[in-house]
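Reader: I am new to this structure. Can you show me how to read its features?

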Amino acid sequence: MIILHADKHSHLIYTMMQKIVITAVLACILGVSQPDVSFGQVAKNITNAGYKLVWADEFNKNGTPDTTNWKFENGFQRNHELQWYQAENANCKNGLLVIEVKKTNIKNPNYIAGSTNWKTNREFITYTSSSLNTEHKRSWKYGRFEMRARIPVDAGLWPAFWTLGIDKPWPSNGEIDIMEYYDHKILANIACGTARPYKAKWYSKTVPLDSLGANWSKQFHTWRMDWDENAIALYVDDRLLNKVELKDLVNQDGSNFNPFMQPHYVLLNMALGGDNGGEPTSATQFPAKYEIDYVRVYQKK
């Protein structure tokens, strides 16, 4: 028997139990494969290694993602990417948050003829997507951060699940790429600042997509970060991808500031092209869907 006390943690567990029931019912009624959510696994994650669930979004309510948790980026943002970010490309349905990259052909409202700025010299927006984050809404110092998702892997696509520190400009605020995919590889990255402004020191590990099996990208997978006062460890499906000790992550600008000894907020986005994503090809299918089953944060009891 499981006894749930009437507190915020019980509410989160109850929400996850709701999702499990809804998922099972949908699978039976629709006869389709739904994300595999196990309450036994949820309970295991809550108690494993002394963690407790402190926040989660299960994306159970259809429509716009919960604005008490998330805010949206707008426009062209970074890395010379092809997509224009807008809230309309992120929607919750059947227990999933779906971020879509779509083809379009609309006027860039920020277009300036003759501009040398990549954000304003494009007359037309040819792709749209979404990027949402918990900045100024939710942030955490240390813990287990977990996401279950199915990612698209066609040429040019660049889905990510990552965090940024709340203080200092990038990269001195610290960046953790718990999940990043582009150019036929899964990446697990951690970055801090260097002596040069806006120049990052990267600790990166990659896994070739081809090494994971032919049907890997068709399935849901679980990405996890375990972060404490000693180290950051990044996993996919319990496989350790990258681990870096915090003592090695102090910014190299003489400030002695460690960006991983401060709270971080969560970002979810799917980019296209740009500095790392590569060009989409005729085989890249649109709309491309990044399907997120849940995002959960645990902390030590």
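Author: Start with pairing: two strands pair if DSSP finds at least two bridges between them. This is a predicted model. Here, Gly193 stands opposite Ala200 in strand 12.

Reader: How many bridges join strand 11 to strand 12?

Author: Nine, and the two strands run antiparallel. They form a hairpin with six residues between them. Tyr198 sits in that turn, with a positive phi of about 65°.

Reader: Which way do strand 10 and strand 11 run?

Author: Antiparallel, joined by six bridges. Strand 10 covers residues 175-182. Asp177 has Asn189 of strand 11 as its bridge partner. This hairpin has two residues between its strands. Asp183 in the turn has a positive phi of about 50°.

Reader: Is strand 11 mostly covered or mostly open?

Author: Buried means under 20% relative accessible area. Strand 11, residues 185-193, is mostly covered, with nine of its nine residues buried.

Reader: Which residues touch the most other members of the largest nonpolar core?

Author: That core has 52 residues, and Met147, Phe161, Trp223, Ile232, Leu268, Tyr290 and Ile292 touch the most other members. Strand 17, residues 288-300, gives the most to this core: five residues.

Reader: Where is Asn94 found?

Author: In the loop between strand 4 (90-93) and strand 5 (96-107). Asn94 and Phe59 are 35 residues apart in sequence and 8.2 Å apart in space, C-alpha to C-alpha.

Key: Residues are numbered from 1 along each chain as its sequence is written. This is a predicted model: local features need pLDDT of at least 70, side-chain atom pairs count only at pLDDT 80 or more; totals for chains, interfaces and linings use all residues. Side-chain values use heavy atoms; hydrogens and water are left out. Helices (H or I, at least four residues) and strands (E, at least two) are DSSP runs, numbered from the N terminus. A nonpolar core is a set of buried Ala, Val, Leu, Ile, Met, Phe, Trp, Tyr and Cys residues joined through side-chain atoms within 4.5 Å. Buried means under 20% relative accessible area, exposed over 50%, partly exposed in between (1.4 Å probe, protein chains only).
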